[in-house]
Amino acid sequence: MTVLSLDNLTVHLGAKDVLTDVTLEITTGECVGLIGPNGAGKSTLMRAALGLIPAKGRSSLAELPRAERARRAAWLPQAREIAWGMTTSEVVSLGRTPHRRPGAPFSQEDKRAVADAMRLADVEAFADRPATDLSGGEQARVLLARALAQEAPIILADEPIAGLDPAHQLAALEVFAAHARDGGTTIVSLHDLSLAARWCTRLVLLDRGRLVADGAPEEILTAERLAEVYGIEAHLAHIAGGLSVQPIARVSP
């Protein structure tokens, strides 16, 4: 079933086109990796799809009323610093806001969702600590837990593993992949191409605001395409768990 439909989605910033005529259909059960060089339009695509920035074209999510959109999609942006004077558990509890009436007490379902999210993001040990006292990587996991507590069928995450240690990078990707396997949908932007290939069922490659390729990881990550889009020579190898992509050198323009 289609859960997100984008038709000719276009975003202008001043006189510059930062996203041009992107058309996609994303369905239930997919873990979609958005990949591409810096400035390719990955963040812009997700923000426009959510209706957070002005755009031309159509996004089925952006068309929804704000309350329904918040119940349908959880958003994990790049910005990870927490400036609120709240405990970790209080920050994670904010993820339940779309499901609660203002001022209503937390239900058992709310408490369960928060506890599950904190366990999945491995932040239970910080429950009573001020979130502002945590390291950058720990704060990133707290915000991941907040998004998970929302229990939305669609998760959109913008570079969610940046700043995490390798074990927690893998743990986060396991959570995203499991969400898709369990009938949800994950859309995640990644710079690590090996992790994208191993954990995502589908890759969407952007370059200079345009959709360049869309398909299974082994179809998208070819030596020729990596040279053309990323300007790199890479060693591609099949290892246990999937495709490995090891950048070797830059390709001369």
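Is R72 buried, partly exposed or exposed? In this predicted model, local features need pLDDT of at least 70 and side-chain atom pairs pLDDT 80 or more, while totals for chains, interfaces and linings use all residues. Residues are numbered from 1 along each chain as its sequence is written, and side-chain values use heavy atoms, leaving out hydrogens and water.

R72 comes out partly exposed, at a relative accessible area of 30%; buried here means under 20%, exposed over 50% and partly exposed in between (1.4 Å probe, protein chains only). Its side chain meets that of E68 in a salt bridge (2.9 Å, N to O), the term covering a side-chain nitrogen of Lys or Arg within 4 Å of a carboxyl oxygen of Asp or Glu. Because R72 and E68 sit four residues apart in helix α2, about one helical turn separates them. Helices (H or I, at least four residues) and strands (E, at least two) are DSSP runs, numbered from the N terminus. E68 is partly exposed too, at 24%.

The whole structure holds 15 salt bridges. E30 is buried, at 15%, and so is R202, at 10%.

As for S60, this residue lies in the loop between β4 (56-59) and α2 (66-72). With 17% relative accessibility, S60 counts as buried.
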